[in-house]
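Thanks for making the time this morning.

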Amino acid sequence: MTDDEQPPPAPPVSPGQWVLLSYRLPREPSTPRITVWRKLKRLGVAQISDGLIALPADARTREQLEWIAEEVTDFGGTATLWIAQPAALAEERKLAQAMADARSAEYEQVRAQAEQARHQPDDERQRTLRRLRAELRRINRRDYFPPPQRRTAEAAVAALHPANTTPASEEHPA
Amino acid sequence: MKWATRAGIHIDRAACAWLIRRFVDTDAEFVFVTDPAAVPADATPFDMRGVELGHHHGDCSFETILRRYDLTADPALKRIAEIVHEADLDDERFDAPEAPGLDVVLRGLSMIGDDEHTMAVTNPVFDGLYEYYRRATLLGREPA
C-alpha cells in the first residue's frame, strides 16, 4: 500500500469539534437581525436555541462565523465564538442528521424542478439548467453531511444539458 | 512598515497583502499570527476581527483597504475587489464567475505550503489579473 492510498474513514469514536456562535442583537431595528439571520441560513447552520447556532468546525466555518460575530458587534449587539465538542456521540449525530435532512429537502426540490423542466423547449431548458446549477452550488456550499439526494439532484440537473439528453447519434448526424 | 494578519491565509488576506505591497507600502513586511494578541505593537493588523482593516458593512477586507487608502477610482482594482468579495463571501452581490475558480486555487495552495509559499504564488497571479483588467478597461472589452 502506498502512502497516498487512504483507508476508508472509520466511524467516529468520539464527537468532533463544532464552532458555536452565541449572539444577541437589539430587538429594534429589525433589519440587522434579518441580515444576520439570512447570512446564517445561507451557511446552513444548526440552530441549537435562540441566539445559539453551530457548524462543524474547520478553518472556513470558523472564519465565516468570526465575521458574522464582527457584524453583530458592528450592529450594536454582542457575540461570542466558541469551539466545543458535544458531550455524547448521539448528540452530534442528531445535530448532523438534522442538517443533512434540511439539505436533502433542498436537493429534492432541485431534483423535482429539473425533472419538470425536462420537456421544456431548448432555450427555456437551458435557462432552467443555469438557474438550477447556481442553486446546487449554493446548497453544496452549506452541505456538511452530504445526503444521497445530492447525487440524484446533480444527475437530474446535468440531464437538462442537450449533450446529456440527446443521443450522440442524433446530435451529430454522420 | 509592518503589517500583521492571521496565519493560514486565503483569498482575502492573499489579495490584501498583494494590494498593500503594490499600492500602499512597497517595503511592506508581513507577520502571520495565530492569535490576535500576538500582533506586534508596531504592526498594522488587517483581515482580523475587531480591526479597522477588516470586514465592515458587508465588505471584505480588500474592499475596506481600497476605501481606506483612496484606491477605489482604479477600475482594475475595483474589478479585483468584486472577485475577491465573491470568492470570500459568496453573497452574489457581484457577478464574478472568476471567483469560484480563484477560491479553489487558493484553498489548494494552503494545503501544500505555508503562507510565504502561497504569497509567492499569488502575487504574480494578482499582478496578472490587474494587468488583464487594466487592459480590459482601456479596450472596453475582454483583452485577447
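Let me begin with chain B and ask: in what order do the three strands of the open sheet in chain B lie, and is their pairing parallel or antiparallel? The order is E2-E1-E3, and the pairing in this open sheet of chain B is parallel; please keep in mind throughout that we are looking at a predicted model. At the edges of this sheet are strand E2, residues 29-33, and strand E3, residues 43-45, of chain B, each of which pairs on one side only. From one strand to the next, the twist averages 35 degrees. If you look at strand E1 of chain B, residues 2-6, you will find that E1(B) runs parallel to E3(B) and is joined to E3(B) by three bridges, and that Lys2(B) stands opposite Ala43(B) in E3(B).

Turning now to chain A, we have an open sheet of four strands in the order E2-E3-E1-E4, and here the pairing is antiparallel. The edge strands of this sheet are strand E2, residues 46-49, and strand E4, residues 78-84, of chain A, each pairing on one side only, while the twist averages 25 degrees from one strand to the next. Strand E1 of chain A, residues 18-24, pairs with strand E3 of chain A, residues 52-56, over five bridges in the antiparallel sense, and Leu21(A) has Ile53(A) as its bridge partner in E3(A). Packed on this sheet is helix H2 of chain A, residues 59-74, which touches E1, E3 and E4 of chain A and whose direction makes about 10 degrees with that of E1(A).

Technical notes
Residues numbered from 1 in each chain as written. Chains lettered and ligands numbered in written order. Predicted model: local features only at pLDDT ≥ 70, side-chain atom pairs only at ≥ 80, totals over all residues. Pairing = 2+ DSSP bridges. Helix = DSSP H or I, 4+ residues; strand = E, 2+ residues; numbered from the N terminus. Axes fitted to C-alpha atoms, helices over the stretch in contact; angles between N-to-C directions. Contact = placed C-beta atoms within 7 Å.
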